Amino acid sequence: MDTKWKNRKNTVSFLIFFLGISLMAAGLGGIWRDKPSDRKLQELPLIVEENYQHSSRFREYISGVLETFLAIEAGRDSRWTYGLGWNYDVYYEADMEVTEAVEGVLMQQYQNDWDMGEPEHRIPEEEREKYIQKYYDAIKGNKNLLYAVYADGEQKHANFDFASCGILSGEGNFLAKGSVTPPDGYGFLLYFDGEKVRIFQDGVEQNVYGDGYYQMEDQWYLPGYSNFPAGDEVKKIRVCMAAAREPMMYMEQYQQVSDDLYWMANSWKQRQDRLKRDIVCLGMGAVLFFLSFLTRRGRREAEVAIARFQGRMWLEFKLLLLFALPLLLLGRHAGSGYGYELWQETEQMIAYGEEYGYTLNKLSYYLGEFVRSFPVVYWSLLFLGIYLVWNDLRYNKRIWRQSLTGKILRKFSARQMGWPPARRMARRTRAVFGLSVFYGLFMISARVLNPGGKQYIWVTAVLLFLGTVFFLAVEYLVGVKNMETAREMEELSRRISDIRRGDYGSGGGTDSGTEEGCETDFGSEGADLSGFGTGDLDSVLGQLEDIRHGMKSAVDEQMRSERMKVELIANVSHDIKTPLTSIISYVQFLKQEENLPDHVTDYVKILDEKSQRLKNMVQDVFAVSKAASGELPMHMEELDFGRLLQQTLADMEEQIGKSQVRFRMEIPDGPILIMADGQRMYRVFQNLFQNALQYSLSGSRVYVSLKAEGNQAAASVKNTSSQELKKGMDFAERFARGDQSRTDGGSGLGLSIAQSFTEACGGEFRWETNADLFVVTVTFPVRRPGGPEEGQA
Amino acid sequence: MGECVLVVDDDREIVKAISILLEGEGYEVLKAYDGLQALDILASRQVRLVLMDVMMPRLDGLSAVMRIREKQNIPIIVLSAKSEDTDKVLGLSMGADDYVAKPYNPQELAARVKSHLRRYTCLGDINAGSRADEIKNGRLVYRTQERVLYADGEPVKLTATETRIVDLFMRNPGRIFPAEEIYRRVWEEEAFSSENTVMVHIRRIREKLELNPKEPEYIKVVWGIGYKMEKQEKHS
């Protein structure tokens, strides 16, 4: 209820404002148009009150008639040619006759086609008399203008007897002294005494001549001024005229007589009515405008509401209204010249046909007439147009946002946002190609099928220009978009390579060891991403970001758990070592004890073996877990792979000699240099050889070979297993042994340690089984002596 | 009774085991079960050598070593279940003379105790007036004139070939010799399958002069490169 009232109030206050401005504009416009041009604005109330006899038109008419009378009586062509009687309103047949007559009397010298160079020739006297007769016949019936013409004291022509009402004497001399009363209903009285003119309006004599010299500003253009004397020819002529205060229409044989005064008064009255209306309009407008100041808050709200409505309107529609409507209203009548042609051309362009164009013409004609007859509407529309544009610009910051083109573009791109980038780019490329084809065809067709020949050249030119601009604009936009995508692609590939390098942090980000650091890192990254706006690869970048984040946390998690594992194993092995120390020590004492029964000696021997094995296991477990977690300190140096194998074999020679297995070596002469930690690699091959010794078939051979192929040096250890090798078993698995049931021998970590250490040194550790043949290959990248490093761990 | 050795460990069984071991070698053994106890005993008794565990209640081994070092210069051997290189370096830098990882080899431990005591007690004077033809490296002394190697002051019995190898190593401590070079310079022949021959001799030398031949301290293999005599920075 409240809001409804408020809305109504806003609407009313806006209407007050709007109407106020419109009415004021209409009033001012009307006054400006309807005011007689010879009157000043401050005389406006006077103009409204006065009758037509005060108008300049009336004065011109009267002086024209007087001239005609004088010219006829003087018996010659117009001497002064001042009024010439051309100011008659030529409405009817009667008026035409009068005009012809006047022309006949006055214009002889110009009969030959206005040829000023022709010698004067007078029309014959009888013809002249005929014209004069015709003239007087035409005006005689018009009682709106009473006249009497005297020459040499004798009444020549008259349609009223001025003597009867005591104004003139029989000879045509003016009788009245001081105030003069014209005949009833006739407010205007003129008397010409052969030299000067005397004029009475409503019984009051007017000052006709002013200072006695004629100037442009002077109201009356009549003979009698010092610089405009009447002349000798008219000295004997007396004229008296009276004009009706409110002229009526006089008919003669079903035909209207020439009654200019009637029509003059009529149009004067209309003009006065219009002026009155204009003044009322102005007054009402002013009042409303004042009121609108009192209700300006409501008006502002209404303006905002209007602006909101405008904001939803398409820019194209607004432009169409702004330019097309005035063109429609005024175009047909805006004048001549270029505008008119433009309108015509446009019209034909739009309409493609005469009929439709004609309709449009008619429509605009009637609209124009409508506007003319109701100025308020016209001014309101004009004001509304300007006001709405201003209001729109004032409240709606970015009016181009709400445009059909923009909407289509946005919808187009919004629809694309859901698509994968490749599809989007393909689509864009297709669109550009299509546009290019269309543009090419358009250019060709414009050249070949020039529609209307010469007169349409500029239309074609404008179309071509607009087409080119549009084409280039689209090309530019697509190009910009593609550049953007290319930049994002670069960013994407940079991030991918970062992740591949193991750099999971954002580029140049802070140290993100802690979870907190991680979080903030990601936050900043997110903010960074949002800066991309509506890029093609946004979603892909986002996904990559997720992967990076996930991977980072996974790697962190793994590192942490590995560290914890190593710590745990270190603690456990420490805790095992302490009691183990005691065990080993006391077993040692037992071993030294003499006089023990044989079976006890056996027990002690077993204890000794097992405690030694336990010791080895603890150390191995520790080593392998450290190697796996990458915590093993490495001392990388350049060493000879072949020598390493030989040294290891030499080191183990004693063991080998005791076993039933023989070693066959195939190691090339000359150094094969690799980059590794010698101590660790010794452990690797020691384990491999021990493995071979332990699990090889008795009497079989172990083949140790080293080959350098290209950049790779591969050392392989092949042995024939004494046990059947199970297929699909991972021997490098921790605690894996060829025979699950066997309990003697190593810790079961030999291969696992070998693999961990090899990989920690940057080598490659592979094993394979072929029937009972067990093959382990350790591969390292070869370093050229003194050459650049190839493959660094 | 012989020299007095202090064994410090919070594990009583280990202390007992060590004391049995060392008493068997003829030493007098004093026992302590934490660092503070050890310091008390050291204040009251004349102790020639300390065997010190690291992880102990009240006062840990390394702190105790530092406290001892403030007053006395006796040999200290640190015993620890921590076998990492970093742990060893830490222990030695704190002032210990030796570092033995648990579980230790009883013979090795006994040998080390003996070695340290001998050098501390007997060789003190000899070391003071060092001779011109003597090359010293840790507990090894090589007299070039006589071509005799002394370990802890006692001459090591070496064969002619072994003496030549030791001669080569002792004159060039720290330098790495490939097997071929050793072979050429010792046997004075062209090297052929030298690795095994050299290794056999080196192994035998190690057995004669290393305290624990399986974990040699002096003659070491530089894997993939050659062999070298490790230069001992300590005990100079």
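1. What share of the contacts in chain A with a separation of 6 or more comes from residues 24 or more positions apart? In this predicted model, the share is 68%, where contact means heavy atoms within 4.5 Å. Chain A has 793 residues, of which 41% count as buried; buried means under 20% relative accessible area, exposed means over 50%, and partly exposed lies in between, with a 1.4 Å probe and protein chains only. Its secondary structure comes to 21 helices and 15 strands, taken as DSSP runs numbered from the N terminus (helices H or I with at least four residues, strands E with at least two).

2. A word on conventions before going on. Residues are numbered from 1 along each chain as its sequence is written, while chains are lettered from A and ligands numbered from 1 in the order in which they are written. Because the model is predicted, local features need pLDDT of at least 70 and side-chain atom pairs count only at pLDDT 80 or more, whereas totals for chains, interfaces and linings use all residues; side-chain values use heavy atoms, with hydrogens and water left out.

3. The contact between the chains deserves a look. Chain A contributes 32 residues and chain B 33 residues. About 2,900 Å² is buried between them, with carbon and sulfur atoms giving 56% of that area; buried area here is the accessible area (1.4 Å probe) that two parts lose on being put together, summed over both. The count of salt bridges between chain A and chain B is 3, a salt bridge being a side-chain nitrogen of Lys or Arg within 4 Å of a carboxyl oxygen of Asp or Glu. Glu195(B) forms a salt bridge with Arg643(A), and their closest N and O atoms are 3.9 Å apart.

4. Chain B holds an open sheet of 5 strands in the order β2-β1-β3-β4-β5, with parallel pairing; two strands pair if DSSP finds at least two bridges between them. At the edges are β2 (28-32) and β5 (98-101), each pairing on one side only. From one strand to the next the twist averages 20°. Strand β4(B), residues 76-80, is joined to β5(B) by 4 bridges, and Ile77(B) stands opposite Asp98(B) of β5(B).

5. Helix α5(B), residues 106-121, lies across β1 (4-8), β3 (49-53), β4 and β5 of chain B, and runs at about 140° to β3(B). For such angles, axes are lines fitted to C-alpha atoms, for helices over the stretch in contact, and the values run from 0 to 180 degrees between N-to-C directions.

6. Now to α7(B). This helix covers residues 160-171, which is 12 residues, and spans 16 Å from its first C-alpha to its last, close to the expected 16 Å; the expected span is 1.5 Å times one less than the number of residues. Its buried residues include Ile165(B), Val166(B), Leu168(B) and Phe169(B). Asp167(B) is also buried, at 11% relative accessibility, and its side chain meets that of Arg147(B) in a salt bridge (3.9 Å, N to O). Because Arg147(B) sits in the loop between β7 (140-143) and β8 (148-151), the pair ties together parts that are 20 residues apart in sequence. Arg147(B) itself is partly exposed at 39%.

7. Which residue does the side chain of Glu181(B) meet in a salt bridge? The partner is Arg175(B), at 2.6 Å from N to O. Glu181(B) is buried at 15% relative accessibility, whereas Arg175(B) is partly exposed at 37%.

8. Over all chains the salt bridges number 36. One of them joins Glu557(A) to Arg560(A), with the closest N and O atoms 2.7 Å apart. Both residues lie in helix α16(A), residues 538-592, 3 residues apart, about one turn of the helix. An α-helix has 3.6 residues a turn, so residues three or four places apart point the same way. Glu557(A) is partly exposed at 43%, and Arg560(A) is partly exposed at 37%. Chain A also has a network of salt bridges linking Glu491(A), Arg494(A), Arg495(A), Asp498(A), Glu545(A) and Arg548(A).

9. Last, a loop residue. Gly710(A) is found between β12 (701-709) and β13 (712-720) of chain A, and is exposed at 56% relative accessibility. Leaving aside neighbours within four places in sequence, Gly710(A) is in contact with Val782(A) and Arg784(A). Val782(A) is 72 residues away along the chain, yet the C-alpha atoms of Gly710(A) and Val782(A) are separated by 8.1 Å.
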